[in-house]
Amino acid sequence: MIFVPSPRRAARPSAVGLVLTAVALLLTACSSTTTSGSGDRAPKVVRPTPNVGFDYQIGGPYRPPSGVRAVSRDRSAKPARGLYNVCYVNAFQAQPDALRRWQRDDPDLLLRDGRGKLVIDEDWDEALFDISTADRRARLAKIVGSWVDGCARDGFQAVEPDNLDSYTRSHGLLDASDAVAFARLLAERAHAAGLAVGQKNTTELLPKHAVVGFDFAVAEECGRYDECGDYASAYDDRVFVIEYRSTDFERACRALGSRLSIVLRDVDVRPAGTKGYVRRDC
């Protein structure tokens, strides 16, 4: 299916985050834990609690509204003290302001068509990463994995790798198996760092969520497309839902507002206090 473009923001150089050290504060926003499986000393991975107050702040951080216990912010932002923090990472496409770096240092990691031209996500002017081979996936995972490690160092509890569905915009040069293979590398890296990892959109890959190792979902406009129940079933209600239209938000709240974390945001996800800011919860 075709999604309306998500309100992503160009990442800025990563700031030094605030490391959360109070376990009691963390437990107020978290549920059961698992280990990464890499040994007794592996960090614990803490999945989000279903149906907690949630805010989507990837357009810029601000003081979370009353009742919010989980928040998603860009990897350049600091996590919110005492909350469950999800780190937004643009994992499958290049930020426009970073394109020169990719062209200079790793040009072969950018997807190109038969004429050698970059394959671009035209909605966001972002070049797609070339995840078509095991070697390129491994090299990309090393780079993106360093961002994931940064999220962990800064004090986030989870990571949200965006553009899992980039293969649908690749003009047939990539397929779902490429996305699954790369996502699995990122999930392994996240778990090794002690982070839960969320599936971002892409209901087509829900049957592969266990293979990848996803722990929860971040679903934009699932109310609009009648998909929230699919995410809820796959992830035992550990789903953060973002709607951008009031009618879709109200529909989602009526159907699953007692089970999922659902929020209405303006499509540009503006910070509170700026013109056009919108936020409501069920």
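Predicted model: local features only at pLDDT ≥ 70, side-chain atom pairs only at ≥ 80, totals over all residues.
Figure 1. Strands of a sheet pair through backbone hydrogen bonds, either parallel or antiparallel.

**Figure 2. Strands β3 and β4 are mostly covered.** Is β4 (residues 68-74) largely enclosed or largely open? Of its 7 residues, 6 are buried, so the rest of the structure largely encloses β4. For β3, 4 of the 5 residues are buried.

**Figure 3. Nine strands form an open sheet with mixed pairing.** The order of the 9 strands is β3-β4-β5-β8-β9-β10-β11-β12-β13. At the edges stand β3 and β13 (279-281); each has a single partner strand, so one side of each is left without a neighbour in the sheet. From one strand to the next, the twist averages 25 degrees. In total, the protein contains 7 helices and 13 strands.

**Figure 4. Helices α3 and α6 are placed against the sheet.** Helix α3 lies across β5 and β8 (158-162), and its direction is at about 160 degrees to β5. Helix α6 packs on the sheet, where it touches β9 (196-200), β10 and β11. The direction of α6 makes about 165 degrees with that of β11.

**Figure 5. The largest nonpolar core holds 55 residues.** Which residues touch the most other members of this core? They are Val89, Phe92, Trp102, Phe182, Val239 and Leu260. Several elements give two or more residues to the core, including the strands β5 (84-90), β10 (216-220), β11 (239-243) and β12 (261-265). Helices α3 (134-154), α4 (176-192), α6 (228-235) and α7 (246-256) are also among them. Domain 1 (58-213) and domain 2 (215-281) each supply at least three residues to this core. In soluble globular proteins, nonpolar side chains tend to be buried together.

**Figure 6. Val89 and its contacts beyond its sequence neighbours.** When neighbours within four places in sequence are left aside, Val89 is in contact with Arg75, Val144, Trp147, Cys151, Val159, Glu160, Pro161 and Asp162. A second, separate core has 19 residues, among them Tyr84, Val86, Ala196 and Val263. For the protein as a whole, 63% of the contacts with a separation of 6 or more are between residues 24 or more positions apart.

**Figure 7. Arg104 belongs to helix α2 (residues 99-105).** Is Arg104 buried or exposed? Its relative accessible area is 60%; because a residue counts as exposed over 50%, Arg104 is exposed. The side chains of Arg104 and Asp105 are joined by a polar contact of 2.9 Å.

Technical notes
Residues numbered from 1 in each chain as written. Heavy atoms only, no water. Buried < 20%, exposed > 50% of the residue type's maximum accessible area, 1.4 Å probe, protein only. Polar contact = N/O pair within 3.5 Å; in protein donor to acceptor, adjacent residues only side chain to side chain. Core = buried A, V, L, I, M, F, W, Y, C linked by side-chain atoms within 4.5 Å. Domains from an automatic or database assignment. Contact = heavy atoms within 4.5 Å. Pairing = 2+ DSSP bridges. Axes fitted to C-alpha atoms, helices over the stretch in contact; angles between N-to-C directions.
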